[in-house]
Amino acid sequence: MDKEKKHYWLSLAERSGQANQWQKPEFQTSRNEMAAEAADSRLSRANFLKFMGAGAVMTTAACRKPVERIVPAVIQPPEMTPGVPLFYSTTAPDGTGLTVRTREGRPVKLAGNAGFPGTNGGASASTIASLLDLYDPDRLRRPVLLEKGKKKKAAPAEVVAAARNLIKKGNYLLWTNPLQGPSSRALVTEFLQANPGGKHVEWSADATWRQVAQGQELSYGQRLLPDYRFDRANLVVSFDADFLGTHIQPARFTHAFAQARNIRRAKEMNRLIVIESMFSVTGGNADERFAVRPGDALITALSIAAELDENHGLTAGKDLSAFLPARVADYLGIPADALKKIAGELSRERGRSLVLAGGVQSGPELQVAVNLLNSMLGNDGITVDYQNSLFLSAGMNDRELKNLLSEIKRGAYGAIILSGVNPLYHVPGLKAEDLGGTPIVQLTDRLDETSVAAAMALPLNHYLENWGDLEFQKEIYGIVQPVIRPLYETRSFEDYLIAFSGGSLGGATRFYDFLRGRWAARGEAFWTSFLQTGFYAPGQSRRNGTAANRKAGALDTLPATLPAAGGMRLGPYYSLSMLDGSGANNAYRQELPDPITKTVWGNHVCVLPETARKQGWKQGEILEIKTGHGSLRLPVLLQPGLHPESLTVALGYGREAAGKTGNRVGANGLALGALEATGLQLSGLSVSTEKTGDRVEIPCTQTVYRDGYNKEDKAFFAPDSVPNAPYGGSSQYDRPIILEANLDEFKKNPGQFKPEKIHYPKDASLMPAWQYTGMRWHMVIDLTSCTGCNACVTSCHTENNVPMVGPDEVLMGREMHWLRIDRYYSGDEKNPDVAYQPMLCQHCENAPCETVCPVAATTHDSEGLNQMTYNRCIGTRYCANNCPYKVRRFNFFENWIYMDGLVRKLRSPQQLALNPDVTVRSRGVMEKCSFCVQRIATARQEAKARGSESVRDGDMVTACQEVCPTGAISFGNINDEKSRVNRLSRDERAYKVLDFLKVEPSVTYLAKIRNKA
């Protein structure tokens, strides 16, 4: 008996279906590029004649690349061999262990450190993109004096001396971002002792960290971030905590969560229930998901606690009868039976469940409610570890920040040293005059929004230029070591403290000496090992916690009655690519598609399509959004899966002083909130809207090749048994694109993924089959493990010199991503399920692109790779037209360079980020995934050096594979019967996308398994 077939859709237009979509071309119409460039250049008559006078030069130079001169290293370091990479271990500021690949003294690639505790080789997309922050042309390059944000001429030594003189007077405030290193904290203590009269405060721009820590303090008396043991939890319930995308340490949490969900190791997997206001990465991976109004997660948590107290014998210690499911169901829009069911599941999994909350939605009260649930369920000390908490400081809470700003405004300090904080951007409503005219010494990587109030700015190193250490859990340390000399006249925060103290602090003249001295007792051999491995973890085996004692008055912070309902509410959230906005001047973040909305280059006001229809709002229509604290203008984005009374806005956008790339992209959602005496007022605020009459197109990578196609038609390849197979859309019916099943179905029928009704034509190939006597490369992607986090996409970008093209070109369908993650919805528009599918060149055995190229620019090799010869490609784009997977990208521009007069060049020092092992492509050629052929060549050479004709399994790792926190991607020689990829390709969940076309792809997917109750 056939199951009911799911209808998959990539966009709302596709879901609704439009009968005239078949008339549209596959690729969007090109615009007049020369006219656009001329309009941008604003040529005067004099400039026109100047360019015409250079016509002969332009004519001869137009057909060849500009000449680039190189200078050899006269004194070469003994460990460096030109063309051979060096690898170093370090730790990112967020606690991710990294391996840094360098070439000729410059880092060109970041990857996860496979042995690093917690992250185990995984990394987030934002961390991988941080390499480009090192080479940001808009970094501050030397110390400067400032006047209203403008630079004044001064020698660097003069600026340092001026800062030192301010500190000498005493009564200063040292305000920093959270310091996660024990050596850094020790040096600050030395600094305060050597320079009396100072006060040190830490503050995290991420409201999540502050609220989680404050909630722990209210509940247990300690301000900390607990360790969440996802690997021990059979059931995870998340309230607005996007732990797979943005919450605290997503790479670490994703790895642990995936281990308990690995269907390949056992026929069991955990369950994930998500209650949230914005559709997050974690919500996209949920087995059950419920959309609530912003701020209503607290009421939902209290309702579950009330049910546990009332009907499951678990004492809450507070009268919660007002929140029983039957009394709040209508208010929340969640059926009472669903709330009771969640409570029942949690009760059955006592001690084996995990409840957590996060995001800007949470507030400390929600954290208290979640702590109550974990205590009632006996999770404390098992899945929630307070004893071995994360040693990651959240700094001041919102109330303390409010008091500090009041002190500053009334002139309580003679000087302020800011390091790594940007309060004029991150604090709602704060203005330069609110800082009271106090002299400000700013330690920063760039002149940012706060620089208008600073007297001087001293440039900070990038973390890849720094020394340091990090203790992210008790007796689990990571090392931070520089992999390149500072590019400019910059220093670390710690070295500035030494300079401000007269050149010596704690007996050291450099922070390196101070750091080395703290580890010297363990000996030189230990230090060398520490640098090589990147970590030291004697406490790794002692990760068993104890239950915490709840404070008697903690529950007094919880509400006693339901708040008023009705009206639209504001739901701010952190996007996976932009986070708090500190790294906004990075095109690799700006052009990284949001895993759910798939939009790039800006934020929007996301609303449920049903709400938009009632209000008469159209996609891209600009609304003015108002709260009692402020207003801003944003375009409407129709987003399935939201509460009807929810307006959600991504934070981290609207920067005014980030740099050329990040300035004026989107709007700052913090402008809608305020910092009050009771804390941050933002999430759940009542919102009013007003149409502005303007409308914009929203750059979105999801529908580039599927612009609304959904017309059901009879395709030429469909047999009679498959009626109305779609011609252009993704409503796949029996076509193998996304295959999935529930866990219980899979157990009963493991072989259900073998298609029965798809017609596989015989003898469809125009060429004889390839015979592989040696290596044959193949990739396997497990859709159950893939969370859609986009780490693989960013890793592919940095490895293969994939350029970012900007919002206008994305709108034209010209993004250059070699690897994309398709997001498929299924089910109801109000609460759809989501499936992610990484899609890249499939390296087909019978590749349709190869048969149509008139110049044989795309060819097959002896190891199964579909290769591109760029200098042969003439840009006909026949191959892209013939590709059923739409994974080829045509290079319309010299995207890596810009025009400076008659010279084309990169903005220095961006050229240092380019991987020399990969060609930087010119305009007019087609490009695509190569299975990291440059890495294959290296692995092949190493095998030959060992005397082997084949690469050992595991020696060849692709860029996408090496950073995946879940291990969803496997790559290797499928001809080796003992290889991992061979074994997985024969898994009972294995299938190939569109293989009935007889293209014989070299990528196998493993069907997605859900664990719905």
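Colleague: Happy to look at this with you! Which residues in α24 are buried?

Modeller: Bear in mind that this is a predicted model. Helix α24 is mostly covered, with nine of its nine residues buried. Going along the helix, the buried residues are Ala 791, Cys 792, Val 793, Thr 794, Ser 795, Cys 796, His 797, Thr 798 and Glu 799.

Colleague: And which residue with a positive phi follows α24?

Modeller: The loop between α24 (791–799) and α25 (807–811) holds Asn 800. The residue with positive phi, near 55 degrees, that follows α24 is Asn 801.

Colleague: Is Asn 800 buried or exposed?

Modeller: Asn 800 is found in a loop, the one between α24 and α25. Buried here means under 20% relative accessible area. Asn 800 has a relative accessible area of 2%, so this residue is buried.

Colleague: Which residues is Asn 800 in contact with, leaving aside its neighbours within four places in sequence?

Modeller: Asn 800 is buried, at 2% relative accessible area, and it has several contacts to name once those neighbours are left aside. They are Trp 818, Val 918, Arg 921, Ser 930, Cys 932 and Gln 934.

Colleague: Let's turn to the cysteines. How many disulfides does the count come to?

Modeller: A disulfide is a covalent bond between the sulfur atoms of two cysteines. The cut-off used here is a pair of cysteine sulfur atoms within 2.5 Å. By this rule the number of disulfides is zero.

Colleague: For Cys 853, which cysteine has the nearest sulfur?

Modeller: Cys 853 is in no disulfide. The nearest cysteine sulfur is 6.4 Å away, and it belongs to Cys 879.

Colleague: What about Cys 873: is it buried or exposed?

Modeller: Cys 873 is in no disulfide either, with the sulfur of Cys 879 being the nearest, 6.4 Å away. Under 20% relative accessible area is what buried requires. Cys 873 has 15% relative accessibility, so it counts as buried.

Colleague: Which residue in β25 stands opposite Leu 570?

Modeller: β21 pairs with β25 (residues 646–651) in the parallel sense, over six bridges. In that pairing, the residue of β25 opposite Leu 570 is Leu 647.

Colleague: Moving on to β11, which of its residues are buried on each side?

Modeller: Strand β11 (residues 271–276) is mostly covered, as six of its six residues are buried. Both faces are covered. One side has Arg 271, Ile 273 and Ile 275, and the other has Leu 272, Val 274 and Glu 276.

Colleague: In β12, which residue is the bridge partner of Val 274?

Modeller: β11 runs parallel to β10 (residues 235–239), joined by five bridges, and there Ser 238 stands opposite Val 274. β11 also pairs with β12 (residues 288–291) in the parallel sense, over four bridges. In β12, the partner of Val 274 is Arg 289.

Colleague: How do the residues of the contact of α19 with α20 divide?

Modeller: Helices α19 (residues 511–519) and α20 (residues 524–533) pack at about 115 degrees, with their axes 10 Å apart, and their crossing is right-handed. Tyr 512, Leu 515, Arg 516 and Trp 519 of α19 meet Glu 524, Phe 526, Trp 527 and Phe 530 of α20. They divide into six nonpolar, no polar and two charged.

Methods
Residues numbered from 1 in each chain as written. Predicted model: local features only at pLDDT ≥ 70, side-chain atom pairs only at ≥ 80, totals over all residues. Heavy atoms only, no water. Pairing = 2+ DSSP bridges. Helix = DSSP H or I, 4+ residues; strand = E, 2+ residues; numbered from the N terminus. Buried < 20%, exposed > 50% of the residue type's maximum accessible area, 1.4 Å probe, protein only. Contact = heavy atoms within 4.5 Å. Axes fitted to C-alpha atoms, helices over the stretch in contact; angles between N-to-C directions. Left-handed = near helix turned anticlockwise from the far one by under 90°. Nonpolar A, V, L, I, M, F, W, Y, C, P; charged D, E, K, R; others polar.
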